Amino acid sequence: MVQTANTIWRDFEADGIPSSGDHDPKKSEIRTWGTWVEGIISAFTSGGGLVFTSKAALDAKLSPDADTLAWVINDPVVENNGIYQKQGASGTGSWTRVSDLPFSFIIASDAGAGTPNAIQATTSIPVSGSALIWMNIFEANTASPVTVSFNGESALTIKTNSGNDVVAGGLLAGMIVLGIVSGTTFRLVSDQASSAVLAAAEAAKTAAEAARDAALAAANAGYLFDTEAAFLAAGIPVVLQFVETSGYSSVGDGGGHRKVRIAAPGVPEAWQKQSADGAWWEVRANRITPGMLGGDFAAAAAYSLAFGAELVIDDPGTLALAETQSISGVVRGRDPASVTLQRATGTNPAIRVDLDGTTIERLTIDNMASVGSRAGHGIRATADDFTARDLFVKDFGSMDGVGGGTGVLVFDSGGGRPQRPHLFNLRFLGNTASQITIGWILESTDYGMVGHIHSENIIGTAGIGFAHELKNTTKWTNLHQLTAVYAESAYAIGGESLGTGLGASYNLLYGLLGDKVDKGIDDAWGRGNAVVGTIVHADGRPGSATESYAVRLQGAIKGHYADINAFGTGANARGVLLEGATADNFIQLSGHVEGTYLARLLDTVRSNAVEITHPGARTSILGTVLDTSGAPSHGAGANVFYCHATGEYIGSLSGRFRHFLGDPGASFNAGDRFQFARDSNVVLAMGTPSTAGTIVGLRHAMPGNGGVWGFLHTLGATLADNTVTMSGWGIGDRYVWESASFRPGADNAISLGKSGFRFTSVWAVTGSIQTSDKREKSAPIAIDDALLDAWADVQIVAFKWLQSIAEKGEGLARWHYGVIAQQVRDTLVSHGIISLVDGHYINVPAFLCHDVWEDHIEDIIEEVERQVEVTKTISVKTDKVENGDPVYEEMEVSVVDTITETIVTGKRLVRAAGELWGIRADQCLFVESAFARRRAQQAEDRLTDIERRLSKLETT
């Protein structure tokens, strides 16, 4: 028969007898009672139990089968609340009330509806003798007896616990009373607490306790035993419910304790013993030590497990465990230097924790791995709220590579993810010869707290040596101040095998020191983890000849952040290794390592960003970044590297570099890879020293040619000597700006404008200077009179440009003066100066120009991104292992890559085909001048002839 709650949680060992001592409930009895209560609830719910808030809602529900149970809990008619049973098959029948609701407490309200001596109270459910009723008192009673009516039912006489009527003034306004319905009475759980009664009771209690204490003192004077042996040899009066010892083997040896009288047990435990008179006694303590049980640690641990007592190991020395020891509650040693628990041969682990809230602290655990091949864990915990604190775990590891080799392991054994594990102030010293060595592991746990942990000699000769590890799907762990010395990996995040779930995720480590480690941060699987404040000495563990990395990410790592300061003087000391399908991670590395690579990327890693905050002794990160992953150098999937210290930026996820001071909404072209914008003026300024010969500008470089085109400014000895040059087109400087001139880069080599592409106007203070050096001309001859005769027919006219009329209107378009080229042409043709042969004009003088051009068409060019299949060389992990590290082989594979290329998307007509006639005005003026000179000379000659004739007439 299950004990009642009153029996389990009674106040004293012998119910109602204070002298028997305080009663501490047994966990075993609590578990049995709780299982019984859970069984009742399960019987209701598993049987299809239903809950309704009104009787009407219940009556409307006839679909349940016959004998189904249902509760009505909030019906306004109090009597309707209760437990009902369905009568009739599904869809028919009715509900019959069979019992009150099984509530332990019912709240009753006295709102003053009755009188002080005839209380009227209401409840939300019917009252019954099976429930404890909690009721407030609205106003003090003035007479005796007092009655109470619940929900308008028959009045019940209020009785005290001893069966007496309450006295006048015994119920005070605002008082809370507890009681049960017993027949025609409402019986309070305590006697009336009026001031007079209370004073008398307290006086009687004081006198009784004084008498009791005096009697017990006299009685126990002869029953405080010096040792356990003295107790076993004694006969103890039956009136005594407890005795005490002053020690176990001798007085004051720390083994003294209290024993309480118990019924004869079926199978005695180590803490249950029989005195010489045949009575059975049991150790009763909230704090148990092995010394209380003759130095038997296993018995003390079992007692702690059964009673929830704190297990304390006060005696210094080594306790050899006979088997794996299960513990619970609090296990506390004096300090790690004084108390050692030694793991038993062939057991795994040394200590097992399966009950929530267990704490182990201030001990040394010797795992004895060096004795044979005794692989095993120091502590194996599966419970929630497990705490390990102030421990030293040593000589652990798997010598043969089989089985566990962890100092402390907290994991999910299938019963649920352990919640809130706490590991603080721990020291781990592994066995240097073991093949597998792991300082501590949190495996598939949530919300852990880990800090102040030192792990050393975590070598792992088979390549598994993790000083600190988060495994499988551990999440939301807060870690800080971890140290690793001589380890294969200082801080590892991973799984039993790559690809298990999402891996360890969303864990934060602040403060990691790794001295002489192969890998500082070693992540195999997971996402969203962060490591802040890390110093790694990446020269490798003793005897290691493998490449050492400050951080290695492998597998499907996503969204990790790491901040590392790496040092290493050996040739194998490297910075960052990314492999597998690692993607979307950000690493900040201060790379004071002397190995070849600051960053190495393998397999198919994508979209990672590595910031080299300092390159160490290097002046460039180019050549220290090896990316054989096949990822594009820019655009989606690119791996990005940059170093502010060296001013180098490799790659961009957007495919471009942007510098915005506000967004003006400018429309950039797809090929504009370097973009500068501001919501007002944008000036790109470049500063240099004032040394003559200093150059600043833009240059187009390409493989094998660093100067395809350039726009450069060169300082001269004085400001007047400065020049700006535009170079290109394969012939050096094409145009030169000097302080007082703009000129071509070479003499007599470049035209200003071309056929079909004219300037509208030229503004100048003076006219153009044309070369007229005889050394550059043929032998001069006089202008042919036939040309001058023809020129006489050339008309000098006034005209308006049609474009001006179109733009300004007839009235505003201005008059211009000159000749019409076609009229000049036709005049010269009519005079035989120009001949028309097969549609072509020949012997055209230089002052008459005829320009003919075809359609001028340009390509419409755009930059587009497209995916292409290309062959790349990548590094692939093989099944081979050398010195504990995987071996990579290079192979050529076809991969889909995103490239940017320039393509012609169409054509556009810049200038339609056509022809124009023109003149060289300066030469026309020279012809006009020659024509005028000839006419003047002819006039002069005629005038001279006339004068001669007149003179001759005068003489005759």
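**Exercise 1.** How many cavities of 30 Å³ or more does the structure hold?

*Solution.* The structure is a predicted model, in which local features need pLDDT of at least 70 and side-chain atom pairs count only at pLDDT 80 or more, while totals for chains, interfaces and linings use all residues. Residues are numbered from 1 along each chain as its sequence is written, and side-chain values use heavy atoms, with hydrogens and water left out.

A cavity is a set of points, on a 1 Å grid over the protein atoms alone, where a 1.4 Å probe fits but cannot get out; lining residues have an atom within 4 Å of a point. A volume is the space filled by probe spheres set on the points, which are joined across faces, edges and corners. There are two cavities of 30 Å³ or more.

**Exercise 2.** Characterise the largest cavity by volume, lining and contributing strands.

*Solution.* Its volume is about 60 Å³. The residues that line the largest cavity include Asp-523, Asn-529, His-560 and Phe-586. Strands (DSSP runs of E, at least two residues, numbered from the N terminus) come next: β36 (508–523), β38 (530–537), β39 (548–553), β41 (561–568) and β43 (586–593) each supply at least two lining residues. By class, the lining divides into nine nonpolar, two polar and one charged; here Ala, Val, Leu, Ile, Met, Phe, Trp, Tyr, Cys and Pro count as nonpolar, Asp, Glu, Lys and Arg as charged, and the others, Gly among them, as polar.

**Exercise 3.** Which classes of residue line the second largest cavity?

*Solution.* The second largest cavity holds about 50 Å³ of space. Its lining includes Asp-110, Pro-116, Gln-120 and Glu-139. The classes are four nonpolar, four polar and two charged residues.

**Exercise 4.** Trace the pairing of strand β12 (residues 176–182) with β9 and β13.

*Solution.* Two strands pair if DSSP finds at least two bridges between them. Four bridges join β12 to β9 (residues 132–136), antiparallel, with Gly-179 as the bridge partner of Ile-133. β12 also pairs with β13 (residues 185–188) in the antiparallel sense over four bridges, where Ile-180 stands opposite Arg-187. Two residues lie between the strands of this hairpin, in which Gly-183 takes a positive phi near 65°.

**Exercise 5.** Which residues touch the most other members of the largest nonpolar core?

*Solution.* A nonpolar core is a set of buried Ala, Val, Leu, Ile, Met, Phe, Trp, Tyr and Cys residues joined through side-chain atoms within 4.5 Å, buried meaning under 20% relative accessible area (1.4 Å probe, protein chains only). Of its 82 residues, Ile-351, Phe-386, Leu-423, Trp-440 and Ile-564 touch the most other members. Strand β34 (residues 478–494) gives the most to this core, with seven residues. Apart from it lies another core of 24 residues, among them Ile-133 and Leu-188.

Definitions and conventions: 1 Å grid on protein atoms, 1.4 Å probe; cavity = no way out; pocket = protein on both sides within 12 Å on 5 of 7 lines; lining within 4 Å. Buried < 20%, exposed > 50% of the residue type's maximum accessible area, 1.4 Å probe, protein only.
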